[in-house]
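Let's take a friendly look at a few individual residues and ask where each one sits. Keep the structure open beside you as you read.

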Amino acid sequence: MYGVEVGILSVFIILILIYCGVHVAVSLGLVSFIGVWVYRDSVDIAISLLAAATRDTVSHEVFANVPLFALMGIVSAEIGLGADVYKVADQVFRRIRGGLGMATVAANALFASITGSSIASASVFTRIAVPEMRRFGYTPQFSVGVVAGSSVLGILIPPSAMLIIYAIVAEQSVGDMFMAGFIPGILLAMAFILGIMVMTFVSPNFIGGPTTLSEEDISPAISGWEIIKLLIPVAVLVVVVLGGIYSGWFSPEEAGAAGSAGALVIGVLKRRLTWSGFWRVLVETGHITAAILFLIISASMYSRMLGVAALPTMFSEWLTDMNLGLTGMMVIYVILMVALGTIIETASIILIVVPLFLSSVEALGGDIVWFGIVTVIGAEIGLLTPPLGISCFTIKSTIRDPSITLAHIFSGAFPFACIMLLVLIAIVAFPWLSLALI
Amino acid sequence: MPDNSGPPDTTGSKDEAGREQNAPLRIFGHIVGGMNATGTCWIVVLMLMINVEAIGRSAFNQPIVGVIEMIEISIVGIVFMQLADALRAGVLTRSDGLFNQVMTRKPAIGHVMGLITSLLGAFFMGLIQVGSVPYLIDAWNKDYYVGIEGMFTAPQWPIALIIVIAIVVTMIQFLINFATHLRSLVQRG
């Protein structure tokens with residue numbers, strides 16, 4: 001039992017360091033260093049493990065997915081494809097009560113199929129959708145809450161940075177993870193739209209919005225031809241990337257490279273990409289790449305340390321001995337994910353927790369791809385909940401209206417966090433929702 | 001993930017255009033910025049390489065020799081070229097909820113937390129460095145290479161050198177953050 005105790009202690013120390021503001025990579029790396037030093041009783045072995053992880057970990061083609069899909073998403077946001085999609089969704093839903101909220105969800109779902117991060121979605125739609133909803137009289141809580149809630153679609157509907165990270169940690173194919181996220185993503189989008197519909201009846205004061213629409217509001221602002229013109233670029237990117245991966249024509253990293261090149265070409269053709277904008281996009285891509293991949297390097301130190309301690313095997317035996325069964329373990333796991341999601345962000349959670357649970361899931365007969373979808377949704381619920389809901393903080397830092405507070409954002413996002421939990425329960429109960437397309 | 005919570009600006013050490021007045025710091029800033037620019041251009045090269053490889057594979061039904069190895073080298077290069085700048089820009093992943101709250105309510109304690117986190121970061125970089133320098137020397141002396149002999153090979157030492165330089169630069173950046181917090185703490189008395 002010595003091993004399990006030291007292992008669990010190390011996880012606690014990592015979480016405390018992270019909570020105190022130590023960089024996540026530094027926390028993981030230092031605790032791994034001390035762990036290997038204690039287990040092997042050798043500083044030299046511990047140091048060479050750090051150095052080996054640093055130079056070897058990301059030297060593989062699969063890691064090219066991270067910069068390429070980040071680049072594609074950031075270019076798409078920079079050249080205004082998010083705004084284009086919103087115009088179309090607005091047109092479709094504007095007649096219905098709560099329609100602008102539904103339009104935000106639908107636009108997010110569509111934009112999510114060309115971008116892989118909820119942060120990108122949150123910052124784009126805070127700028128476009130919130131002012132529009134406020135103009136039509138929706139409450140501040142609902143306007144920002146719906147943006148926060150639907151931004152989560154960015155990581156579930158492929159491509160997705162978090163599914164890439166999970167695929168790397170769990171040694172699954174990136175393409176399989178992408179396809180597994182598709183149905184749950186659409187299901188979540190539909191649940192959000194349904195939820196808004198219910199809210200307009202149950203608590204209209206929470207939503208606000210126009211009670212009667214004037215003729216001017218209803219009349220079409222854009223023609224059918226314009227809608228097609230707005231949607232063609234997005235459609236081309238979706239066909240190239242998701243079509244390319246699903247048909248097997250492209251590997252995921254090739255699809256990411258083609259998608260990035262495609263988004264850049266669209267930006268040039270639409271005359272929306274300036275040299276300074278291009279440079280800004282590249283620098284941001286570089287920062288995200290460095291942050292994520294250095295996190296993965298440190299996570300590799302950590303999982304090598306766990307391996308030295310044989311902890312995943314012992315942990316699996318310990319869980320099996322408790323006779324929880326797969327369902328019982330998943331209940332505990334989902335609670336753990338949601339709890340962790342409220343204090344640290346998704347990528348770190350995946351990298352810290354997944355290596356511990358993988359062998360247990362396999363031993364109990366769970367599917368690793370399905371487990372990944374559960375992991376990502378569970379951790380992302382935390383993005384919407386205090387104290388550290390990152391999507392909510394992104395909205396707060398993007399928004400120009402000082403009258404909208406963090407409390408507004410968290411209370412507005414709460415119903416959407418509840419809807420996510422219901423969808424997560426459905427996905428745990430019916431694994432085929434994740435596995436049908438693979 | 002970006003949290004924009006870089007160290008607070010030191011008052012008085014910059015001119016009106018925001019340039020560092022201290023010469024060594026200014027030169028160091030140019031090094032970090034230059035490495036960032038190199039890594040940034042490298043991303044475009046990576047994208048083009050993978051596109052070319054995909055076209056080569058599907059149109060001519062044969063992979064271009066060495067492209068896979070170049071892609072693998074590029075990813076490592078991009079990460080380490082950008083690492084120090086990501087730290088400087090405050091986008092290196094951390095959970096800053098507690099830190100920011102302490103910083104607003106009790107700035108002195110916040111700066112002490114900043115001191116500790118920066119020092120731990122510098123120490124971690126130091127540990128990686130102790131293991132990376134011997135590898136660089138070996139890679140140079142014993143001609144380590146990647147790839148398959150007779151097909152395509154590339155020497156290991158350039159990437160090992162990039163890692164060693166990047167880790168030193170990132171360590172210095174952590175120490176600069178440390179000094180910034182220390183100065184704020186001293187100025188507050």
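Predicted model: local features only at pLDDT ≥ 70, side-chain atom pairs only at ≥ 80, totals over all residues.

## A buried threonine in chain B

Start with Thr40(B), which is part of helix α1, the stretch covering residues 23–59 of chain B. Is Thr40(B) buried or exposed? Its relative accessibility is 0%, and buried means under 20%, so Thr40(B) counts as buried.

Which residues does Thr40(B) touch, if we skip its neighbours within four places in sequence? Its contacts are Trp279(A), Leu282(A) and Val283(A), together with Gln82(B).

## A cis peptide bond in chain A

Now move to chain A, where Pro158(A) and Pro159(A) are joined by a cis peptide bond. The omega angle there is about -5°.

## Positive phi without glycine

Asp41(A) is not a glycine, yet its phi is positive, at about 55°. You will find Asp41(A) in the chain A loop that runs between α2 (24–40) and α3 (43–56). With a relative accessibility of 66%, above the 50% cut-off, Asp41(A) counts as exposed.

What phi does Asn323(A) have? Its phi is positive, about 55°, and Asn323(A) is not a glycine either. The loop between α17 (311–321) and α18 (325–341) of chain A is where Asn323(A) lies. Asn323(A) has a relative accessible area of 70%, which is over 50%, so it is exposed.

Conventions:
Residues numbered from 1 in each chain as written. Chains lettered and ligands numbered in written order. Heavy atoms only, no water. Helix = DSSP H or I, 4+ residues; strand = E, 2+ residues; numbered from the N terminus. Buried < 20%, exposed > 50% of the residue type's maximum accessible area, 1.4 Å probe, protein only. Contact = heavy atoms within 4.5 Å.
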